[in-house]
Amino acid sequence: MEWGQVPLHFSRLTMFPLFDLAHYVASALGLREQRAFPFHCAGGGTVFVKCGYCSSLETEIEPRTVRAGRDLGRVHLVQPHCSRIIGNFLLNFRYLVFYCPQDMFYRCFSFLPLRLMVAGMKEVTRTWKITGGITHANSHYKNAWLIMVAVGWARGAGGGLISNFEQLVRGIWKPESNELLKMSYPVKVTLVGAILFTLQHTQSLPIARHDLMFFYTIFLVVTKVTMMLTPSAISPFAPFEAVLRRMLFGWQHPPSNTKSEAKLSSPSTSSSCDTPSTRGNSDGAKKRQVKKVE
């Protein structure tokens with residue numbers, strides 16, 4: 001196989017079952033590590049078993065969170081959004097993440113190389129969800145750019161966009177973490193991908209679809225692995241956002257209090273410097289008055 005044929009063969013990969021399974025496991029691991037009601041099990045891990053009702057409810061919410069992109073895409077297209085459960089096979093894996101005896105399943109996937117592989121495979125599914133959402137939207141609304149971007153964005157970042165509802169169900173209300181007001185890196189990179197694939201689909205971007213899928217996926221995987229290996233979680237878009245902010249909104253210097261401090265300090269310093277002399281003059285005048293009286 002020639003090197004030029006690699007992107008073409010890569011674009012023909014099927015996500016089911018390996019990549020979809022990695023997506024489910026990675027999402028379950030992420031939910032496992034942000035529990036609202038932690039409880040230490042016999043194996044030493046922290047699992048969500050303190051409240052039985054909340055545990056069962058969260059088990060139902062988790063598959064909805066993983067498939068939130070598909071559901072949000074159907075909402076945008078005014079279609080039935082009650083997606084069926086793919087199978088008990090994937091739910092059993094989610095059950096193992098939370099309730100495996102001695103917490104062996106979670107310990108196994110906590111191994112860094114395996115964790116990186118699962119995270120990379122999940123990022124691969126993001127590309128397929130974006131392209132699938134754009135193609136699906138274009139089949140209903142021909143060349144409707146905004147709808148195509150919205151559906152592709154919802155398909156690829158549905159878990160992040162619906163995270164506030166998922167947190168509310170778990171009893172955590174954080175309105176400041178709204179993804180539409182303060183986007184996280186996955187939501188930003190999915191929005192950029194939705195715009196790029198929409199431009200390519202409408203032939204406004206002169207690049208082949210399989211080439212764009214290949215390079216975009218490589219960027220996603222490399223960035224995700226780098227962010228997991230480095231301690232700092234700085235977004236790769238931070239430098240570009242700073243440049244755009246300066247271009248669109250200009251230089252915004254923080255208000256400095258140097259002038260006000262100088263104004264406040266000058267009377268105090270002058271008064272502090274003048275007080276000894278004024279006191280000396282007043283004392284001399286008093287002595288002169290005393291001498292005249294004598």
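Thr131, Ile134, Thr135, Phe197, Gln200, His201 and Arg209 line the largest cavity. A cavity, on a 1 Å grid over the protein atoms alone, is a set of points where a 1.4 Å probe fits but cannot get out, and lining residues have an atom within 4 Å of a point. This is a predicted model, in which local features need pLDDT of at least 70, side-chain atom pairs count only at pLDDT 80 or more, and totals for chains, interfaces and linings use all residues. Residues are numbered from 1 along each chain as its sequence is written, and side-chain values use heavy atoms, with hydrogens and water left out.

How many cavities of 30 Å³ or more are there? The count comes to 1. The largest cavity holds about 40 Å³ of space, a volume being the space filled by probe spheres set on the grid points, which are joined across faces, edges and corners. Helices α7 and α11 each supply at least two residues of its lining; helices are DSSP runs of H or I with at least four residues, numbered from the N terminus.

How values were computed:
1 Å grid on protein atoms, 1.4 Å probe; cavity = no way out; pocket = protein on both sides within 12 Å on 5 of 7 lines; lining within 4 Å.
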